[in-house]
Amino acid sequence: MSVSKDEYKKMTDKASPPSPVVKNCLFAFFVGGFICMLGQVIFDLLTMYGISDDNSRALVGMVLIVLTAILTGIGVFDKIAKYAGAGTMVPITGFANSVASPAMEYSSEGRILGTAANMFKIAGPVIVYGCSSAVLYGAIIYIFGLY
Amino acid sequence: MGQRIGKNTILLDSKPCIISNAAVVGRKEGEGPLKDGFDAIFDDGTMGQDTWEKAESQMLRAAVETAIQKAELTAGDIQTVFSGDLLNQCIGSNFGLRELGIPFAGLYGACSTMALSLCMASLAIESGAFERVVAATSSHFCSAEKQFRYPLEYGGQRPPSAQWTVTGSGACVLGSTKGRPYIDAIHIGTIQDLGIKDGNNMGAAMAPAAKKTISDFLSDTGTSPSDYDAIVTGDIGEIGSTLLRELLMRENGIDISSVHKDCGLMIFDCKTQDVHSGGSGCGCSASVLCSEWLNGIRDGKYKNIMFAATGALMSPVSSLQGESIPGIAHGVIIRG
């Protein structure tokens with residue numbers, strides 16, 4: 001008796017172990033929380049040295065981006081991310097890693113058509129839809145602001 | 001001349017002999033349970049090259065050259081090499097074999113390429129027009145990840161159903177002379193697709209193809225699983241193996257559990273080597289066949305095996321376009 005696609009899907013679901021969701025969530029919570037705390041520490045240090053709040057906010061992002069790029073470059077970030085999952089992906093570190101890693105990977109195809117052309121292969125959709133939704137959101141606020 | 005038995009099985013008259021076999025692998029594979037059987041273990045994943053693609057080519061070339069040397073032949077004695085790999089346009093083989101000056105037939109069978117190249121090489125010998133040919137294939141974790149998944153340094157999580165592409169290559173020199181091990185019969189597989197779309201569950205996508213080839217092969221040859229020392233699948237891993245056994249029981253009433261082995265589960269220790277559902281890739285079945293199985297037959301440990309390597313015939317484009325993953329499995333019966 002032949003197995004139908006629906007039956008096979010059920011068999012596959014039964015045979016495939018689920019991702020360890022609770023463990024993943026806990027790791028993501030603690031590592032993500034640690035990164036946010038690190039951001040706050042950097043912010044406090046910067047303001048302590050007299051840098052304005054606005055500039056400090058921008059600098060926090062920049063420091064985390066540079067740190068991530070260095071950790072990606074020396075091959076450490078992916079090992080942390082393997083356990084941290086969303087904990088390293090959701091903060092700005094995930095975005096930085098998604099730009100730095102293809103830049104490294106495709107350097108063998110040259111600086112222009114390799115690194116530059118592929119650098120935003122993963123982060124590109126975030127930029128496209130991030131900018132698009134910002135425009136949409138801005139338009140909504142503008143229209144509602146008229147009345 | 002070869003004789004077609006049943007629907008898709010060709011029984012070979014010439015019994016092409018596997019004169020020699022060679023398996024070369026990367027470091028992780030060289031730390032696995034089969035480490036003692038490999039001809040060479042490359043500690044450096046780059047193989048001294050500046051790109052992953054060149055590294056794969058270098059590895060394939062090393063396997064082919066080692067097999068030719070073990071057969072006490074030179075490249076000039078080989079009349080054709082049948083080879084393929086996972087990279088676009090099979091560049092692993094194209095560039096790896098560029099300098100050898102051997103006539104080359106490029107094949108694409110995804111991870112089933114070792115069985116496909118053995119089938120083609122056997123048919124070439126069977127035709128009477130070839131005396132010495134090579135069947136080979138390779139895969140490299142880094143070049144495969146780059147083409148099919150994410151950059152190496154990308155920080156993502158792999159689900160438990162994912163498999164680990166083997167960095168390895170296997171090559172066999174086949175000849176028209178009598179000897180052992182020899183290829184008794186071949187079976188060209190049929191594409192099977194039961195609608196699996198999850199690229200992280202290749203074992204499930206390929207299990208129906210393995211099931212079809214194994215059940216057809218057994219019925220065509222009028223044999224049962226107990227007639228073999230082992231029925232060897234390529235790289236369906238833990239999930240695929242469970243599904244294959246269940247499919248064979250439900251659809252054909254055949255129980256292969258006592259003789260079934262999967263190369264993907266043999267090459268790594270799934271518990272300690274963090275490979276989730278097992279190894280995969282062309283190099284997985286190739287390096288395990290060209291070490292453990294063929295050497296085992298030479299040593300008298302095994303008498304006969306059915307080798308059914310499985311392949312997933314999708315591409316990154318087809319996956320993005322929402323297509324499911326078609327599977328294929330080619331088979332050979334090797335006796336000694």
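Helices (H or I, at least four residues) and strands (E, at least two) are DSSP runs, numbered from the N terminus. The model is predicted, with local features requiring pLDDT of at least 70 and side-chain atom pairs pLDDT 80 or more, while totals for chains, interfaces and linings use all residues. Residues are numbered from 1 along each chain as its sequence is written, chains are lettered from A in the order in which they are written, and side-chain values use heavy atoms, without hydrogens and water.

A pocket is an open set of points on a 1 Å grid over the protein atoms alone, where a 1.4 Å probe fits, with protein on both sides within 12 Å along at least five of seven lines; lining residues have an atom within 4 Å of a point. The second largest pocket holds about 430 Å³, the volume being the space filled by probe spheres set on the points. Its lining comprises 15 residues, and A:P20, A:K23, B:R158, B:D274 and B:H276 lie nearest the centre. Two or more lining residues come from each of α2 (21–48) and α4 (77–84) of chain A, and α2(A) gives the most, with 3 residues.

In chain B, helix α2 (residues 52–70) packs against helix α5 (residues 141–148) at about 135°, with the axes 8 Å apart. Axes are lines fitted to C-alpha atoms over the stretch in contact, and angles run from 0 to 180 degrees between N-to-C directions.

The peptide bond from B:R180 to B:P181 is cis, with omega near -5°; B:P181 is in the loop between β9 (168–175) and β10 (182–187) of chain B.
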